[in-house]
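Student: I have not looked at this structure before. Could we go through its charged side-chain contacts and the strands around them?

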Amino acid sequence: MGVTGGVLTTGVLEQEAEAAPAAHVVGPGEVPITLHINGKPVNVKVEPRTTLCDTLRHRLDLTAAKRVCDRGTCGACSVIIDGKVMYSCTVLAIDAQGRKIETLEGISAGRMSPMAAAFVDNDAQQCGYCTPGFVVAAKNFLDRHPNPTEEDVKRGLGGNLCRCGTYMGVRKAVLQAAKMTRGGSNA
Ligand code: FES
Ligand code: FES
């Protein structure tokens with residue numbers, strides 16, 4: 001064994017490489033994947049580097065999730081994955097296979113959802129870029145906390161940002177939706 005210019009010159013590394021199981025390499029070109037979105041399997045081809053957000057918007061015409069920061073800070077791209085709100089810009093589509101994905105389109109099912117209606121009633125949007133993400137996060141929050149206080153709502157939606165400052169309206173909307181859907185008493 002010897003070292004030449006900082007390089008290990010024995011066959012140790014080569015032997016380890018030979019012993020390691022062959023990695024399953026995909027890409028860099030498009031590969032077929034199957035996603036489970038809003039209760040249905042969906043087949044699509046994407047490059048492995050493609051985020052779930054871009055796949056939804058650009059390949060599947062599901063444009064409710066908005067790509068705003070594209071780096072996991074604003075929540076505009078929120079979807080529900082296996083029951084939890086996640087930023088779809090931080091998830092690779094290829095890694096979302098086998099998981100249950102819900103988008104605002106699925107929650108709405110072709111009509112205005114009670115949560116979306118509460119946003120309208122309470123003037124909880126201005127430019128609207130953050131609104132779909134807020135509605136998704138609020139719906140999921142209310143499913144888990146059916147009778148929240150205003151402070152609960154503030155904390156529960158802490159992962160979503162609104163540059164227009166509609167927070168007061170959003171909180172009122174969630175409290176109204178709680179009252180309407182689960183008998184909450186705080187709206
Ligand atoms: S666009 Fe995904 S968190 Fe902002
Ligand atoms: S309504 Fe404009 S960013 Fe929230």
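Student: Is R67 buried, partly exposed or exposed?

Tutor: This is a predicted model, in which local features need pLDDT of at least 70, side-chain atom pairs count only at pLDDT 80 or more, and totals for chains, interfaces and linings use all residues. Residues are numbered from 1 along each chain as its sequence is written, chains are lettered from A and ligands numbered from 1 in the order in which they are written, and side-chain values use heavy atoms, with hydrogens and water left out. Buried means under 20% relative accessible area, exposed over 50%, and partly exposed in between (1.4 Å probe, protein chains only). The relative accessibility of R67 is 44%, so R67 is partly exposed.

Student: With which residue does D54 form a salt bridge?

Tutor: A salt bridge is a side-chain nitrogen of Lys or Arg within 4 Å of a carboxyl oxygen of Asp or Glu. D54 is buried, at 14% relative accessible area. The closest N and O atoms of its salt bridge are 3.1 Å apart, and the partner is R67.

Student: How many residues apart are D54 and R67?

Tutor: Helices (H or I, at least four residues) and strands (E, at least two) are DSSP runs, numbered from the N terminus. D54 and R67 form a salt bridge. D54 lies in helix α2 (residues 52-59), while R67 is in the loop between α2 and β5 (78-81), and the two are 13 residues apart.

Student: Which residue is linked with D54 and R67 in a network of salt bridges?

Tutor: D54 and R67 form one salt bridge. The network that holds these two residues also includes D70.

Student: What is the distance between the closest N and O atoms of D82 and R99?

Tutor: D82 is partly exposed at 44% relative accessible area, and R99 is partly exposed at 27%. Their salt bridge has its closest N and O atoms separated by 3.3 Å.

Student: Over how many bridges do β5 and β6 pair?

Tutor: Two strands pair if DSSP finds at least two bridges between them. One bridge joins V79 to M86 in β6. The pairing of β5 and β6 is antiparallel, and the number of bridges is four.

Student: Why are R155 and E151 separated by about one helical turn?

Tutor: R155 forms a salt bridge with E151, with 3.5 Å between the closest N and O atoms. R155 is exposed at 66% relative accessible area, whereas E151 is partly exposed at 38%. They are about one helical turn apart because both sit in helix α6 (residues 150-156) at a separation of four residues.
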